[in-house]
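Keep the structure in view while reading.

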Amino acid sequence: MDDSRETLGPQAFVTGFPIKHSRSPLIHGYWLKTLGLPGSYRAHEVAPADFSVFVDSLKSGESGFVGGNVTIPHKEMAFKLADDPDELSDELGASNTLWIEDGRLKATNTDGRGFTANLDERHSGWDRAQSAVVLGAGGASRAIVQALRDRGVREIHLVNRTVERAQELADRFGPKIYAHSMAALPDVMRGAGLFVNTTSLGMTGEEAPRIDFSPLLPDAVVTDIVYVPLKTPFLTQAVQQGFPVVDGLGMLLHQAVPGFEKWFGRRPVVDEKLRALIIEDM
Ligand code: ATR
């Protein structure tokens, strides 16, 4: 991209601590280039102690940014410091997308929409599932539970090593969300049409748990939000057992769409070339 196009248009950021491994600059850079838009998107590392000063500079316009993405560990503070967090962020207590509008700092959370958009794209009809099993009860799980509930999935079974964390989430997100310990997994899988892994189980040295997916409905879909590697231990086992799977890379790509549209004024498309670009970079 030539320098003039970068400096003339809107400037957006991704901030976190650390931030250098973020793939977001690659995603937004690809869209800016393919759409031929002026503007730039860059990683901007901010330490936790400096985050509120950074937000002040966004609000005053001093930073020069029109908005950006926020990742670990700043999502909760971004929510607290924004002038107008939307309902999605409000319920999650965390925001990942910020933009200035009418002189105010607006905030939303696009993780849940990224998750469902990925499933819509790669396995349409998934939302006919009446019952879903979600493994894990951390920050990512929250956004997914919210999105599944909002898409009308009737029953959500949250399975977590620390059952209290799952219970807390179930209490927050309303009726028909049930908390279970890991031991209950085979039981709660019975008759479910969707299985989601949100944990790093099997990814960090320890052996991946053996999962028997056969209690799921025969046409159930298995998905994982972990995308490095693309075929996680969960997805590999599901494929071996004959279930359709959706990998987590599309969630990363789709969660980026609403922010790009806010900052640069055009709705970008998640295409196969973009997927290939990120896979090449992994
Ligand atoms: P994130 O924001 O990515 O969801 P997190 O908030 O740290 O990350 O949550 C990680 C999730 O993975 C949690 O559900 C965690 O279980 P606990 O709540 O019991 O900690 C789960 N997890 C991580 N490693 C695990 C392991 N080895 N066995 C079982 N669950 C694990």
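Helices here are DSSP runs of H or I with at least four residues, numbered from the N terminus. The model is predicted.

Q: By class, how many residues of the shell around the ligand are polar?
A: Gly counts as polar in this scheme. Among the residues that come nearest to the ligand are Gly 138, Gly 139, Thr 162 and Thr 199. The shell also holds three nonpolar and three charged residues. The polar count is nine.

Q: Why do the buried residues of α8 line one face of the helix?
A: Ala 166, Leu 169 and Ala 170 are buried in α8, residues 163-173. Seen down the helix axis, they line one face because they fall within an arc of 100°. Glu 164 and Asp 171 are exposed on the other side of α8. The reason is the arc: 100°.

Q: Which residue just after α8 takes a positive phi?
A: Helix α8 spans residues 163-173. Just after α8, phi is about 100° at one glycine. That residue is Gly 174.

Q: Which residues on the other side of α3 are exposed?
A: In α3, residues 51-60, Phe 54, Val 55 and Leu 58 are buried. Those residues fall within an arc of 100° seen down the axis, so they line one face of α3. They pack against β1, β3, α4, β5 and β6. The exposed residues on the other side are Val 53 and Ser 60.

Q: Which are the edge strands of the open six-stranded sheet?
A: The order is β9-β8-β7-β10-β11-β12, with parallel pairing. An edge strand pairs on one side only. The edge strands are β9 and β12.

Q: What is the bridge partner of Ala 132 in β10?
A: Strands β7 (residues 131-135) and β10 (residues 194-197) run parallel, joined by four bridges. In β10, the partner of Ala 132 is Leu 194.

Q: How far apart do the end C-alpha atoms of residues 248-268 lie?
A: An unreviewed UniProt entry lists this span as "domain: SDH C-terminal". The span is 71% helix and 0% strand. Its end C-alpha atoms lie apart by 19 Å.

Conventions
Residues are numbered from 1 along each chain as its sequence is written. This is a predicted model: local features need pLDDT of at least 70, side-chain atom pairs count only at pLDDT 80 or more; totals for chains, interfaces and linings use all residues. A residue is buried if 20 or more other C-beta atoms lie within 10 Å of its own, exposed if 12 or fewer, and partly exposed in between; C-beta atoms are placed from the backbone. Helices (H or I, at least four residues) and strands (E, at least two) are DSSP runs, numbered from the N terminus. The arc is that of the directions from the helix axis to the C-beta atoms. Two residues are in contact if their C-beta atoms, placed from the backbone, lie within 7 Å. A residue is near a molecule or strand if its C-beta atom, placed from the backbone, lies within 6 Å of it. UniProt positions are given in the numbering used here, feature names are shortened, and annotations may be inferred rather than shown by experiment. Two strands pair if DSSP finds at least two bridges between them.
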